[in-house]
Amino acid sequence: MERIGVFVCHCGTNIAGTVDVAKVAEEMQKVPGVVFSTHYTYMCSSAGQKMIEEEIKKDNLTGVVLCSCSPRMHEKTFRGCAERAGLNPYKVEIANIREQDSWVTKDMGTATEKAIALAKAAVAKSILDTPLKEGETPMTKRALVIGGGIAGITAALDIADAGFPVDLVETKPTVGGKMAQLDKTFPTLDCASCIVTPRMTEVGQNPNIRILSYSEVQNVTGYVGNFTAQIKRKARYVDEDKCTGCGLCTENCPMKKVPNEFNMNLDNRTAVYIPFAQAVPKIATIDSTACLHLKAMAKGNDKVCGKCSQVCGVGAIDFNAKDTIIEEKYGAIVVATGYNMIDLKPFAEFGYGLSKDVISSLEYERLMNASGPTGGHLLRPSDGKPPKKIVFIQCVGSRCSADATKGHTYCSKVCCMYTAKQTILTRDHWPDMECYVFYIDVRTPGKQFDEFYRRAVEQYGVHYIKGMVGKVTPNSDGTLDVQGSDLILNRQVHIQADMVVLAGSLEADKSARPLATMLTTSMDNDDFFLEAHVKLRPVESPTAGIFLAGACLGPKDIPETVAQSSGAAAKAICLLVKDKLKNNPCTANPDENMCNGCGQCENVCPYGAISYVNKDFRGPNRTTITRRVSQVNTAMCHGCGACTVACPSGAMDLLGFSNKQILAEVDAVL
């Protein structure tokens, strides 16, 4: 005989403001199988949990129903509460009367009626609940960090400092990411390189970290604690173990007009190159698309050039190198794929692509940087002369509610601040230069951010104009005619500028979506990774064992990125310290006697948890029949239920959410 206890939570006024909680508790007392029903202000509080524990023991409850908020919030809390009282934690059911009821209506009568129906459904399911037991899987004590920017560097160092080996995968020849390209950081105006390059050196020297630069993740299989990743190491045509980073090959390479990606193509590099002086690892890489020798080899001629091989004193050049695949097992994965700036070519109205003097904000960073193409001297790309008047245009590709096909609807968060930084640095270095900023709104939400923006206006005399630019037109004399509107003064503005800087939208890296498919994790419509819970689990993916850090979740500044990366690392360490992991027992459970081996469940499983085996069954006249039947890897199964829907024979069921239980809920509601 089932003995169910019902506990109705007020959630302050979140539920009680719309639902008559006393009536819900009273009505539930009348439901068959319910031996206790009550309501309380905050069931998740210590006092509320103590009440539940006491009633479980006092009334020998065989099941508990919580009428409260979403199970995503406090299911774990209430299961722990039941377990402390000696009740199987999977005998706890939650009726969501907040998000699915009180928050969607203002009518108390309607809300109360629905709350009662939801509670009855939960009781009906609870009566059919069976005690479930968590399984265990071993833990591989190694972490994979994908992305070598400041987010990946921070996560890798934190995990390595905890004593666990880490593989740091970066697609470029060096770690450092976008931060290595910046000049200064806001609001302190610290040198970006002075901050990130010591961290890069730490990563390179840490004995627990293996840097897999110029590499990319090709495939990931497995589950939390037991991931298997295949990583493609692209051929550098330089032996990493032999190369000393001396630079002789780069100095002697005759191909000197290859666009330099690190300097945003504002100058050229050689075909064999080291991205920048502080690169980690400081190893040369040969660009196969530009190298004369490699292109000739592809045509069967190995007598062309080869100058780098001739001058390399350690014999590190290897023109016969091939891409290699390494396979490794990992217990946890941290994703830190970062961001890219939006392609500005579609924004022809701002003159980008029509004039060399219309540049992106990241290109402007390189022009101001002492290690940049002009040695830190701000010169116009078109003629190499110093500009006298610069216009900064905000929100290019951000907040594009009118034309989302060209940009993104979201705010890129950091543009207001880095533009203020760039104007301050410009006016500080060259006081005679005039700076104008066209903006929609100035958003400065961080610590000392608003003071920093005011400093640009009040101390450095930057002209902020509230309004958008309609068109930028190159003039015959080399200047740029900027036509915009001043919404405060209600007038049209024409500025003859020498340079225009576009604060382009930040968007997810192109590798994010294919990587999310490999990891079977969720993304939003803008290709940013989704958190398991935006408030309670902000650095966790819905897929167990996958953690998220930095701008792969959305645009953010460096301090927020670093904090989030340490949070992701801490979560990964919490897994890696364990010898074994407990599995959620609410997994798919096939009935072998009903399974016809059709393969539908295997096809729809997003986690690859279902496979097929041949099994012997006793047939008529004591004969043996071999049939193909499904089996479930419970460590990989997430209990999504897709297989139960797809199964045509009804053989697949879900422990904790069986077809019988779901139908019982439906009957109770109806």
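I began with contacts by sequence separation in this predicted model. Among contacts in the protein with a separation of 6 or more, 67% join residues 24 or more positions apart.

Next I looked up the secondary structure. I found 17 helices and 34 strands in the protein.

I then took the extent along the principal axes. The C-alpha atoms fill a box of roughly 90 × 70 × 40 Å.

I turned to burial and surface. The protein has 670 residues, and 52% of them count as buried. I noted an accessible surface of about 30,500 Å² for the protein. Carbon and sulfur atoms hold 51% of that surface.

For the charges, I compared mean positions. The protein carries 73 positive and 73 negative charges, and I have their mean positions 3 Å apart.

I went on to the nonpolar cores. The largest one has 74 residues. I listed the residues with the most contacts inside this core as I159, V166, I209, V334, Y364, I390 and Y464.

Last, I recorded a second, separate core of 39 residues. Its members include F36, V64, L66 and F78.

Terms used
Residues numbered from 1 in each chain as written. Predicted model: local features only at pLDDT ≥ 70, side-chain atom pairs only at ≥ 80, totals over all residues. Heavy atoms only, no water. Helix = DSSP H or I, 4+ residues; strand = E, 2+ residues; numbered from the N terminus. Buried < 20%, exposed > 50% of the residue type's maximum accessible area, 1.4 Å probe, protein only. Contact = heavy atoms within 4.5 Å. Areas by Shrake-Rupley, 256 points an atom, 1.4 Å probe, with all protein chains shown as cover. Lys, Arg positive; Asp, Glu negative; His and termini not counted. Charge placed at Lys NZ, Arg CZ, Asp CG, Glu CD. Core = buried A, V, L, I, M, F, W, Y, C linked by side-chain atoms within 4.5 Å.
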